[in-house]
Amino acid sequence: MSNLKQPIKILVVGCGNMGISHATAYHNFPEFEICGLVSRGDSKSKLNEQLQANYPLFKDFDQALSQTKPEAVCISTYPDTHENFALKALEADCHVFIEKPLADSIAGCERIISKAKEVQKKVIVGYILRHHPSWIRFIEEAEKLGKPLVMRMNLNQQSQGYMWDVHRNLMKSLSPIVDCGVHYIDVMCQMTRSKPVSVSAIGARLTEDISEDNYNYGQLQIRFADGSVGWYEAGWGPMVSETAFFVKDVFGPKGAVSITAKDAGASGQSDHVDSHTKTESIRVHHAEIDSENKFTQPDEWIDLADEPNHQELCNREQLYFLKAIQEDIDLADHLEDALNSLKIAFACDESVKTGETVKL
């Protein structure tokens, strides 16, 4: 990519976990120029120190937007602010990179997508696994297994200290299976390339620390039109078990493919952000048997030791954002996928609360 072009002026809103990683990418890429950091607390000052930078700091998003006049905005705030910030950024003629979920309601997502189309600006949602070579390979291997597929995935997090604060704040606007589930629902939809037809879900509220209408453990089940089925579970909190917190497994008529994270899956790692994307190796099992019902070939191991860490994945996301802007990539399918995975996740929430299966 040529550095002769003027760098894209970007305003970073939200300086927590993901905001830090995205800001680090912008700070290190000459194609971007950070014009301001926005957060309510002191995280923006800490981020400036971490980057050894002196970026302008703002408490108020509207003020930052009008003063810095950015060309792009990165939104990594809590989900209940996403719609408001994204619409204001688009109205100010900015491209938008936004952490998942796109908004905290379906109507909100649709308003953002419609506004992006109207003002002809790029909106990219932070589906980090789409930029991960191991997950891309996992999906490719799953597609070789025949149909129907059985997909089993979870990400339970035994959180304490700072991470429990983060989780409690997230649960002011979303449940764990909506916040995390959109990633894995998106993966399932890519594996099957089939229409989801119904979801059912269960949930439990295991702490007084969250509102009575939310739950910090949930499990969802999806049925697809091609006969494929999948489940995903997510639990957050100091009471969550770390036994089998990392399951990424799919099987079909021809065999099975599993992600095994030997080190990332170790005890005490469940609330560490790198563990959520680490894969390390993929095990491919072939179902073919001979006349004595014995397997005809051994399992294969696809070694993925040389894989990107969390920061490198965020770098790749931002390079894709840059490419979308510079090459005018059509993001209609990207936004449609983001909307669909969120529709499924919200249907799961509805199922938890009503006890009914929800037809999609």
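**Helix packing, domains and backbone**

Biologist: Which residues in α9 do W135, F138, I139 and A142 in α6 meet?

Modeller: This is a predicted model, in which local features need pLDDT of at least 70 and side-chain atom pairs count only at pLDDT 80 or more, while totals for chains, interfaces and linings use all residues. Residues are numbered from 1 along each chain as its sequence is written, and side-chain values use heavy atoms, leaving out hydrogens and water. Contact means heavy atoms within 4.5 Å, and helices (H or I, at least four residues) and strands (E, at least two) are DSSP runs numbered from the N terminus. The partners in α9 of these four α6 residues are Y184, V187, Q190 and M191.

Biologist: How many nonpolar, polar and charged residues does the contact of α6 with α9 have?

Modeller: Ala, Val, Leu, Ile, Met, Phe, Trp, Tyr, Cys and Pro count as nonpolar, Asp, Glu, Lys and Arg as charged, and the others, Gly among them, as polar. Sorted in this way, the contact of α6 with α9 has 7 nonpolar, 1 polar and no charged residues.

Biologist: At what angle do the axes of α6 and α9 cross, and how are the two helices described?

Modeller: Axes are lines fitted to C-alpha atoms, for helices over the stretch in contact, with angles from 0 to 180 degrees between N-to-C directions. Angles under 35 degrees count as roughly parallel, over 145 as roughly antiparallel, 65 to 115 as roughly perpendicular and the rest as oblique. The axes of α6 (residues 133–142) and α9 (residues 181–192) come within 9 Å and cross at roughly 40 degrees. The two helices are therefore oblique.

Biologist: Is the crossing of α1 and α2 left-handed or right-handed?

Modeller: The axes of α1 (residues 17–28) and α2 (residues 43–51) come within 11 Å and cross at roughly 40 degrees, and the pair is therefore oblique. A crossing is left-handed if the near helix is turned anticlockwise from the far one by less than a right angle, and right-handed if clockwise. For α1 and α2 the crossing is right-handed.

Biologist: Which residues of α2 make the contact with α1?

Modeller: By class, the contact of α1 with α2 has 4 nonpolar, 4 polar and no charged residues. From α1 come G19, I20, A23, T24 and H27, and from α2 L47, Q50 and L51.

Biologist: What are the helix and strand contents over residues 141–237?

Modeller: UniProt, in an unreviewed entry, places the feature "domain: GFO/IDH/MocA-like oxidoreductase" at these residues. UniProt positions follow the numbering used here, feature names are shortened, and annotations may be inferred rather than shown by experiment. The end C-alpha atoms of residues 141–237 are 33 Å apart, and the chain there is 29% helix and 35% strand.

Biologist: How far apart are the end C-alpha atoms of residues 8–127?

Modeller: An unreviewed UniProt entry gives these residues the annotation "domain: Gfo/Idh/MocA-like oxidoreductase N-terminal". Over residues 8–127 the chain is 44% helix and 23% strand, with its end C-alpha atoms separated by 22 Å.

Biologist: Is T192 buried or exposed?

Modeller: T192 lies in helix α9 and, not counting residues up to four places away in sequence, touches K147, L149, M151, F224, D226 and S228. Buried means under 20% relative accessible area, exposed over 50%, and partly exposed in between (1.4 Å probe, protein chains only). At 1% relative accessibility, T192 is buried.

Biologist: Where does the cis peptide bond lie that has omega of about -5 degrees?

Modeller: Most peptide bonds are trans. P101, in the loop between β5 (95–99) and α5 (106–119), is one of the residues that P79 contacts. The cis bond in question joins K100 and P101.

Biologist: What is the omega of the cis peptide bond between K147 and P148?

Modeller: P148 belongs to the loop between α6 and β7 (150–155). The cis bond that joins K147 to P148 has an omega of about 0 degrees.

Biologist: What is the phi of N293?

Modeller: N293 sits in the loop between β14 (280–286) and β15 (300–304), and at 59% relative accessibility N293 counts as exposed. Although N293 is not a glycine, its phi is positive, at about 65 degrees.
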